[in-house]
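Work through the exercises below with the sequence and the model in view. Each task is followed by a solution in steps.

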Amino acid sequence: MGDVIIGDYAHPLLSASVCEIPDRVIEASTCAALADFLTSYPAVAKHESYVITRPLNLGSKALPDYARYNHGGGELVVNWEMPQGQRPRPNAWSTCGP
């Protein structure tokens, strides 16, 4: 993930790309497959939401909107609610790359 730019305004969510999601999870194309994969990463599994492919009116039936890699696998933008009064710090957390 590159540099993160955050404005000087209150923002309740921290959004970051969770990378190297395996093909088996993406190809299953279900929320259950994603949830099962994320159980291996407890901090990530406690997410608030993620980018979806369908309108919000589908609720929990909306599918994750993965970005696919040419070499296989992919990533998904995931959101976590920040504690009240806190904001994400730029470059405080990166889920992709070194």
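**Exercise 1.** Is Ser17 buried or exposed?

Solution. The model is predicted, so local features need pLDDT of at least 70 and side-chain atom pairs pLDDT 80 or more, while totals for chains, interfaces and linings use all residues. Residues are numbered from 1 along each chain as its sequence is written, and side-chain values use heavy atoms, without hydrogens and water.
- Step 1: Buried means under 20% relative accessible area, exposed over 50%, and partly exposed in between (1.4 Å probe, protein chains only).
- Step 2: The relative accessible area of Ser17 is 12%, so Ser17 is buried.
- Step 3: Ser17 lies in strand β1, residues 13–21. Strands are DSSP runs of E with at least two residues, helices are runs of H or I with at least four, and both are numbered from the N terminus.

**Exercise 2.** Which residues does Leu38 contact, leaving aside its neighbours within four places in sequence?

Solution.
- Step 1: Locate Leu38 in helix α2, which covers residues 31–38.
- Step 2: Leu38 has 3% relative accessibility and therefore counts as buried.
- Step 3: With contact taken as heavy atoms within 4.5 Å, the partners of Leu38 are Val44, Ala45 and His47.
- Step 4: Between the C-alpha atoms of Leu38 and Ile21 the separation is 9.3 Å, with the two residues 17 apart along the chain.

**Exercise 3.** In what order do the elements of the chain run from the N terminus?

Solution.
- Step 1: Count three helices and four strands.
- Step 2: The order is β-α-α-α-β-β-β.
- Step 3: Of the 98 residues in the chain, 27% are buried.
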